[in-house]
Amino acid sequence: TTIGVLDALTDGTPEAPGTNFGVLRARQDLGARASAGLILTDRHSDAGDNRVVGADLLVPFREEYRLQGFIAASSTTGLGGDGGAGWFRVAREGDIWQYSADYTEVDSDFVAGTGFVQRGNQRRRRGSFAWRPRPRGSAVRQWTLLYSPTYLTDDDNRLMTRLHFAEISAEFHTGDTLGMFRLEDFERLPTPFDIFPHVTIPPGDYHNSEAQVTATTSSNRPWAGSVLANLGDFFGGRRRILGGSLTARTGRHLTIGTEFTHNRVRLPAGDFSTRLAALRVRYAFTTRLFGGILVQSNSLTDEIGVNLRLNWVYRPGSDFFVVYNRLLRPPN
């Protein structure tokens with residue numbers, strides 16, 4: 001039996017009132033691999049209240065197959081209406097053959113005040129098929145060839161998103177990986193979308209395509225890193241993404257890593273660029289006490305976020321965390 005409790009208080013600002021967030025999570029193992037769980041979240045502020053209750057289930061069968069899913073319902077005052085959400089998935093997760101099918105439905109009035117709803121008012125069908133052979137006498141340990149289609153409609157069954165995703169990647173015996181993917185995307189925007197200050201994407205149907213190449217070195221090396229390059233269509237224009245990371249391990253205690261991503265977007269309504277940089281430091285005081293620092297810079301909002309975390313594993317499988325977050329804004 002696993003039980004988790006979270007309670008957080010945020011100070012009020014001119015833009016938002018002070019808020020109390022609470023989460024209660026319980027999960028019960030059913031045999032060796034099956035489980036059932038419940039979750040309750042609560043958000044309270046002067047602007048309104050939101051509560052969500054949900055249940056989830058995981059049922060493996062045979063050796064490589066599993067059924068899983070969840071249902072949730074929200075009750076909201078001052079922040080929206082009441083709604084529900086659900087997800088169901090059946091999958092085979094073998095070493096060589098992997099395939100799955102899942103279905104998601106989210107009401108337009110479903111609100112997760114202590115969480116995040118990526119997209120409301122949706123009915124999503126998604127499939128995935130992967131072949132992952134292990135060739136003999138080759139530098140490649142395992143290949144992955146994957147194809148995944150997604151078909152998303154609103155509650156009136158109007159097509160909103162259609163995706164075709166294909167990927168090929170190779171994992172070498174050294175632990176390094178090299179891969180590339182191709183994405184064909186149809187998006188229907190029913191309303192204008194403000195993507196950047198003074199840059200608005202108008203409503204309409206958009207056909208986007210993009211390709212990405214990624215290379216990653218083994219994390220077991222004292223110095224490890226990754227690079228990616230992405231180029232493609234973007235809502236009537238073009239987008240280019242360049243990124244990379246570098247991680248250094250000095251002995252058994254200290255790990256220092258840095259990440260950087262640069263987006264360059266050209267649209268009929270205007271051009272813009274964004275940069276995201278991060279510095280991560282992790283120190284192991286003992287085998288059960290860890291400290292971490294994350295500093296993140298965002299050029300879009302010109303803000304610096306600082307996250308400090310202390311993790312004490314007081315018993316194997318049981319953790320205690322102390323976390324401090326601070327957002328630094330430049331003076332007006």
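The structure is a predicted model, in which local features need pLDDT of at least 70 and side-chain atom pairs count only at pLDDT 80 or more, while totals for chains, interfaces and linings use all residues. Residues are numbered from 1 along each chain as its sequence is written, and side-chain values use heavy atoms, with hydrogens and water left out.

To begin with the overall build, the chain has zero helices and 21 strands (DSSP runs numbered from the N terminus, with H or I of at least four residues for helices and E of at least two for strands). The C-alpha trace spans about 65 × 55 × 55 Å along its principal axes. Of the 332 residues, 30% count as buried (buried means under 20% relative accessible area, exposed over 50%, and partly exposed in between, with a 1.4 Å probe and protein chains only).

Two surface patches come next. Patches are made of residues with over 30% relative accessible area and no salt bridge, like charges being joined within 9 Å and nonpolar side chains (Val, Leu, Ile, Met, Phe, Trp, Tyr) within 5 Å. Accessible areas come from the Shrake-Rupley method with a 1.4 Å probe, and for residues only the protein chains shown count as cover. A nonpolar patch of about 880 Å² is made by W97, Y99, F129, W131, W143, L145, I168, L178, M180 and V213. Strand 7, strand 8, strand 9 (140–153) and strand 11 (177–189) each give two or more residues to this patch. W97, one of its members, lies in strand 7 and is partly exposed at 36% relative accessibility.

The other patch carries negative charge and gathers D82, D107, D109, D155 and D156 (Lys and Arg count as positive and Asp and Glu as negative, without His and the chain ends; the place of a charge is NZ of Lys, CZ of Arg, CG of Asp or CD of Glu). D107 sits in the loop between strand 7 (97–106) and strand 8 (122–131), and its relative accessible area of 35% makes D107 partly exposed.

Charged pairs are the next topic. Across the whole structure, 20 salt bridges are found (a side-chain nitrogen of Lys or Arg within 4 Å of a carboxyl oxygen of Asp or Glu). D102 and R126 form one with an N to O distance of 3.1 Å; because D102 lies in strand 7 and R126 in strand 8, the pair ties together parts that are 24 residues apart in sequence. D102 is buried at 8% relative accessibility, whereas R126 is partly exposed at 33%.

R119 and E187 also meet in a salt bridge, at 3.8 Å from N to O. R119 belongs to the loop between strand 7 and strand 8 and E187 to strand 11, so this pair ties together parts 68 residues apart in sequence. R119 is partly exposed at 27%, and E187 is buried at 13%.

In a further salt bridge, the closest N and O atoms of R280 and E259 are 3.0 Å apart. This pair links strand 18 (residues 270–284), which holds R280, with strand 17 (residues 254–267), which holds E259. Both partners are partly exposed, R280 at 39% and E259 at 35%. Salt bridges that share partners also join R66, R89 and E93 into one network. R89 lies in strand 6 (residues 83–93) and is buried, with a relative accessible area of 17%.
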